[in-house]
Each structure stands twice: as C-alpha cells, then as structure tokens.
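This report describes the overall form of one protein chain and then turns to selected local features. The sequence and structure are shown first.

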Amino acid sequence: MDGMERETNGREALRQLQLERLQMTLNRAYLNVDFYRARMDSLGMVPEDVETEEDLRRFPFTTSEDLADHYPYGLFAVPLKSVVRLKIATSRDGRPIVVGFTRRDVTLWQSLMARLFRRLGITDRDIVQVAFNYSLFPGAFTFNHAAEAIGATLAPSATVSARLQLQIMRDFRSTVLATTPSFALHLMDTLEADAYGGRERHELNLNLMILGPDPTPERLKQRIRSTLGIPVYGLYGVSEMVEPGLAGECPQQNGFHAAEDHFLLEVVNPATGLPVEAGEEGELVVTTLSAEAYPLIRYRTGDVVRRDPGPCPCGQATLRLSPVIRRTDNRVSVRGIPIYPERVGKILQAVDPLIADYRLVVGTRYGLGDTLEVLICRRGGSGQAHETRGNRLEEIRSRLRRELGLGVRVQEVSADRMPQEGLTFKTVFREKV
C-alpha cells in the first residue's frame, strides 16, 4: 500500500501504523543515540513501554539547544559512512546543527514532495521552474528531485533576476513556479512595472504557484490570483528534519495535510507542554517515524499552529494544520532568511563590546520581511572620529552579511532615538509604503 492509499484508509489504520513505526524509531534511538538512551534510562523506560501517544508524553521534549549541544554527530543513529547527505541548520541561540540523511532518508523525503506534487495535479506534462536560492534554502533541491521523480520537466532558475525569471517562464512555457513568497512579490512588482507587463502576463503559461518555506500572507495570494489568475499553494517543513514535505495544501486549500505516516504530530501549550484541543493555537511538536540517520523524538518546532483532525472535502483523512500563525521564540524572517535577534546581539558584541543596546528594524511589505536595518547605541556616546566610526560600522555590516547571508544597513544612534513602537524583543516591524 503506497502513501496516497494509506492517507485515505481511515484514522485507525493510520494510528496503528504510527505506533508500529514509533516503536521502531524509539528502538533505533535507544540502541544508537546516547542522548536518547540516557533519557529513557533516567525515566526507567524502555521503548516497549510506549504503547500509546499518552505513554510518549512521558518523554521530555527535544529542543534545538539539545541538537546544538550534540554537534556535530552526537545524535546520529547510523555510522557516518551510511550518511550520504549533511545539512547545516542553526539553533535558536545561534549555534550550528548538523542533520544527516541516509540514502533511504533522501529517497523518502523526495517521495513526500512528489506526493504533494501529485496531490496538486502536477504531472509528467508539466514544466516546473524552481526559483530558490539553494544556498539559503537547501530544501529547494527536494523540488528538483520530486519534479524529476514524477517525470516533469525541471527548469532550475535559482537566483537570476526577476526579469530573467519571467523570460525563462515565457520561453520555456513553465507551468509551475516554486519560489519564496518574497520573490513572488518581487515578480509581481516587476510584471506591473514593465511597460509590456500586460502583454507578458498573457504570454505566461503558469497553471499554479507553490510558495515556501515561509507562510504566504493572504493579501499576496489574492494579488497573484488577480494578476495571473492561478491558484497559490503553500507547504510546510522543519529545517531540522525534512524541509519541505512534512505537510502541504490540496486543491481544496482547507489546511496543510500532514504526512502522518512518517511523522507523529502534537500541538501543545507552549508554557505547560500539555496538548490543546483541536482548533486551539499551540506549538507544533514532531516525532519522526521513518528517519534512519537522525531520529527526533518530540521535537519542539517553535511554530504555533492549529490542527483540524476532521475530514477534508478532498476525501483525505489526514490531520490538517493551519499555516504558521507565529513563533514561540523571537525569530523573524527577512527575504526568507530566518534571523534570531539574540544571535545578532552576539555578533554585535563580538565586533564592538561597547555596544549597549540595539534594534532590528524590519521593513515589511504584504506582511513579509523585506529589508533589515540594525540600529546600535554605544556606551560613551558617538563622539569618536568619523573615520573610526565609519570603519567600525563597515566592519559590523560585513560581519552581519557573512553571518546572516543578508545585506544589512547599520546605523549608530543615541539611546533616546532607539525605537520602542511595536517592540518584540529588540525587533520593530514597519510596513513600507
């Protein structure tokens, strides 16, 4: 029975499959990962004691700090020689995380993306244009492999300009575009700014757009629909596991269908850790059920969502998630790049220990982070020589660009000019006109 058949086979059969795979995951972790074995031993548990989801809730959460504490290979459940791919991520306190994948893992994640493609009606007759920055979003490679797996024609266009993207769309007759919400907004701006925009719109052959990994604001979806007359679909993934592919929309656009045959999902109160009722907001907690190299048990994603266990009009019985509503931490996204203010603060202190305070000013359009400006305030004021001050600001700009992968404007201001409006831990959001 393949994944698509299993999705419509009823909740009970799916629940039994999850528990069987959960037992396999717990045994793999207990036998091969010291961190998880020590946790189970401290609880007086063995994998066989977990027979229900309630039993699993005895198990402590895994956090991004746990992953960073065991960098680089401390959480791997297979020998390094069995790992065919490594992926770098960042913990919430700015430390590196390394995720490993066996050949089977890679094949599985590709099949999950291919499942999402088929659900949206993408076939071997489509031309899929993938317009991501692969260095900033390694999950983009999964789009490539999924398109090839279903026999579609792949047109990877990576980081070329918006005008060249549109030319590729027109010349190649691309029918599917996969990109970030921020770049999709840039494409819409370019279409409307071009003197021949009206003509180019009618020359495009796009049938649908897939946007991720950030949530897509409804206003942007409406703009794309009104401009191009095509549906816009979202998907969801977790960078410490598989990104994307964990969940995605169907043509009904009634929530994100989760791949419950490979992930066990909980939605909990972030403060108490207790499960919330269906329809209530809570933090998504994920346990991998099929990962060989890097099993994660009760991993706190930091994403606040709602869950809907009811059947979808499309007929699938899988749990549906809302788009991410907010974060439980201070992470912000600028042009699709996740940024933690705490990490920015550490970088600033490393360059100049006299920095007393700072702010991240995020310029937004359609609710998306579009620009980033960092304001700093130094102890002792800013009476130093202009040349010295300029050199220091340039050093900060260069360091932030290297560390964050994003161009940042840096300005030194006095303490009384530090913005306070709408402040969310050192971050201020300002909608750009």
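How many positive and negative side chains does the protein chain have, and how far apart do the centres of the two sets lie? The chain carries 55 positive and 56 negative side chains, and the two centres are 5 Å apart. In this count Lys and Arg are positive and Asp and Glu negative, while His and the chain ends are not counted; each charge is placed at NZ of Lys, CZ of Arg, CG of Asp or CD of Glu.

The model is predicted: local features need pLDDT of at least 70, side-chain atom pairs count only at pLDDT 80 or more, and totals for chains, interfaces and linings use all residues. Residues are numbered from 1 along each chain as its sequence is written, and side-chain values use heavy atoms, with hydrogens and water left out.

**Overall form**

The protein chain contains 13 helices and 21 strands, these being DSSP runs numbered from the N terminus (helices H or I, at least four residues; strands E, at least two). The C-alpha trace spans about 70 × 60 × 45 Å along its principal axes. For 433 residues, a compact globule would have a radius of gyration near 22 Å, and the value of 23 Å for the protein chain agrees; the radius is taken over C-alpha atoms, and the globule rule is 2.2 Å times the number of residues to the power 0.38.

Of the 433 residues, 54% count as buried. Buried means under 20% relative accessible area, exposed over 50%, and partly exposed in between (1.4 Å probe, protein chains only). The accessible surface comes to about 19000 Å², with 49% of it belonging to carbon and sulfur atoms. Among contacts (heavy atoms within 4.5 Å) with a separation of 6 or more, 64% join residues 24 or more positions apart.

Helix H6 covers residues 103-119; at 1.5 Å a residue its 17 residues should span 24 Å, and the 25 Å between its end C-alpha atoms agrees. The expected span is 1.5 Å times one less than the number of residues. H6 is mostly covered, with 12 of its 17 residues buried, including Trp-109, Met-113, Ala-114 and Phe-117. Just after H6, Gly-121 adopts a positive phi of about 85°.

Ala-149 belongs to helix H7 (residues 140-149) and is exposed, at a relative accessible area of 53%. Its C-alpha atom is separated by 6.9 Å from that of Ala-114, 35 residues apart along the chain.

In helix H9 (residues 181-193), Met-188 is buried, with a relative accessible area of 2%. Not counting residues up to four places away in sequence, Met-188 touches Arg-223, Ile-224, Thr-227 and Leu-228. The C-alpha atoms of Met-188 and Ile-224 are 7.2 Å apart.

**Backbone geometry in loops**

| Cis peptide bond | Omega |
|---|---|
| Tyr-71 and Pro-72 | about 0° |
| Gly-212 and Pro-213 | about 0° |

Pro-72 lies in the loop between helix H5 (64-69) and strand E1 (83-90), and Pro-213 in the loop between strand E6 (208-211) and helix H11 (218-228).

Arg-298, which is not a glycine, has a positive phi near 55° and sits in the loop between strands E11 (282-288) and E12 (299-305). Arg-298 counts as buried because its relative accessibility is 3%. Tyr-366 also takes a positive phi, of about 55°, without being a glycine; the loop holding Tyr-366 runs between strands E18 (355-365) and E19 (368-378). With a relative accessible area of 22%, Tyr-366 is partly exposed.

Conventions
Accessible areas come from the Shrake-Rupley method with a 1.4 Å probe; for residues, only the protein chains shown count as cover.
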